[in-house]
Amino acid sequence: MSEPSKIWLSSPHMGGGELDFIHEAFEANWIAPLGPNVNGFESDIKSYLKTDKQVAALSSGTAAIHLALVQLGVTHGDEVICQSFTFCGSINPIIYQGAKPILVDSEPESWNICPQALDEAIEDRIKLGKKPKAIIVVHLYGMPYQVEAVQDIAQKYNIPIIEDAAEALGSTYKNQACGTFGEFGALSFNGNKIITTSGGGALVCNSNDAKSKTVFYATQARDNAPHYEHTHIGFNYRMSNIVAGIGRGQMKVLDKHIGLRRKMHLFYKDIFKGVDAIEVFEEKADAVFSNHWLSAINVKAEANFTREDLRLFLLEDNIESRPLWKPMHMQPVFKDLPFYGGQTAEDLFERGLCLPSGSNLTEEEKNRISTKINEFLKQYGLI
Ligand SMILES: *Cc1c(COP(=O)(O)O)cnc(C)c1O
């Protein structure tokens, strides 16, 4: 018997209109890291976010966070606070700047930065002689962090927030779009994100000036001169006009895709209904709206199985699932960094699993997933 086809955790889902924008770019010979698609994509994002802020399209979400740090003046020897429970793209740019990440634990409700641990971390770093230059906080899996609590702390110490909304395009807190709360907001259009340009990102900026600076740094910091003149070090981080064409097509289906991702969440809620050993990750306050980029579960401590048992069982049928993010303070490369908090992020990693969540899963694939999970639950006497 041949192996069943692979069911991916999250795969690209084209809407159909993307190629039209790419054809236009070819016809006009706009094959460059600027052009009508770049401008169009930026204004599409801006209106989608319903914001007065400005949007700069870049080559990746990591580049967006990097340019935020550059503009906040983060440099050698500085310290920057970052949520530990995240993807390395949130934190690596701190190292690119020669600065030191200070890692902070999560809280169990949103799985994002714990305000109390954040406050303690800032207090302690100041006591040790250095006030952190920025706070990087993440809306993981599309779930908004405790926006107001984090903002209060940032204001109390007067430290700017870089909001990592790479996974949260379309999520809102009190009807305001994620990505618009910080001094800067980073978005990602990598291949596995809720919409993709194959690879890409954007930085949401507080002013026209901040956007101009972002574009300046993203295009090798070229000063205004007929020749190439440089007074700053820049980067090659601007988005290509071809890639932006994919983005313009994807913006047309974003809301539809969010609806489908949220349906996947309900699909898992239904499968695990009445299974006490499993918590399906969900919105816990009215103020919060998640795009449910990835559906995730948490296997409770008292369960008679582990998340690895379930992951390997699904893999037998070629169904991909993945442990939650391994916290940065547990990563070999970051193990010596300061960490503030307790066990929450570590527990989430030990017990949590992301399940196939794509907006393009077919009914047949969903049947395969539910059949396999039900088989697992029966095997462990849970249904
Ligand atoms: C994807 C992601 C990034 C980085 O985005 P890229 O476009 O892949 O560079 C940063 N932070 C988080 C939380 C992400 O999921």
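## Reading this model

Helices (H or I, at least four residues) and strands (E, at least two) are DSSP runs, numbered from the N terminus. With that in mind, Lys-174 is found in the loop between β6 (172–173) and β7 (176–177).

This is a predicted model, in which local features need pLDDT of at least 70, side-chain atom pairs count only at pLDDT 80 or more, and totals for chains, interfaces and linings use all residues. Residues are numbered from 1 along each chain as its sequence is written, and side-chain values use heavy atoms, with hydrogens and water left out.

## Two loop residues to look at

Lys-174 is not a glycine, yet its phi is positive, at about 45°. Asn-318 is another residue other than glycine with a positive phi, here near 60°. You will find Asn-318 in the loop between α10 and β13 (322–323).

## Around the ligand

Which residues come closest to the ligand? They are Thr-62, Asp-164, Glu-167, Ser-188 and Lys-193, out of 15 residues that surround the ligand (a residue is near a molecule if one of its heavy atoms lies within 4 Å of it).

Some polar contacts (pairs of N or O atoms within 3.5 Å; within protein, one must be able to donate a hydrogen and the other to accept it, and residues adjacent in sequence count only if both atoms are side-chain atoms) can be picked out here. Ser-188 has a side-chain N or O atom 2.7 Å from an oxygen atom of the ligand. Gly-61 uses its backbone instead, with a polar atom 2.8 Å from a ligand oxygen. For Asn-190, a polar side-chain atom lies 3.4 Å from an oxygen atom of the ligand.

Two packed helices are described by the angle between their axes and the distance between the axes. Axes are lines fitted to C-alpha atoms, for helices over the stretch in contact, and angles run from 0 to 180 degrees between N-to-C directions. Angles under 35 degrees count as roughly parallel, over 145 as roughly antiparallel, 65 to 115 as roughly perpendicular and the rest as oblique.

The axes of α1 (residues 18–28) and α8 (residues 241–251) come within 7 Å and cross at roughly 150°, so these two helices are roughly antiparallel. Their contact (heavy atoms within 4.5 Å) involves residues including Phe-21, Ile-22 and Ala-25 of α1 and Ile-242, Gly-245 and Ile-246 of α8. By class, this contact has 6 nonpolar, 4 polar and 2 charged residues. Here Ala, Val, Leu, Ile, Met, Phe, Trp, Tyr, Cys and Pro count as nonpolar, Asp, Glu, Lys and Arg as charged, and the others, Gly among them, as polar.

## Helices α3 and α7

Helix α3 (residues 61–71) and helix α7 (residues 208–218) have axes that come within 10 Å and cross at roughly 115°. The pair is therefore roughly perpendicular. From α3, Leu-67, Val-70 and Gln-71 meet Ala-210, Lys-213, Thr-214, Tyr-217 and Ala-218 in α7. These residues divide into 5 nonpolar, 2 polar and 1 charged.

## Helices α10 and α12

For α10 (residues 307–316) and α12 (residues 363–379), the axes come within 10 Å and cross at roughly 135°, so the two are oblique to each other. Asp-309, Leu-310, Phe-313, Leu-314 and Glu-316 in α10 meet Lys-372, Ile-373, Glu-375, Phe-376 and Gln-379 in α12. This contact brings together 5 nonpolar, 1 polar and 4 charged residues.
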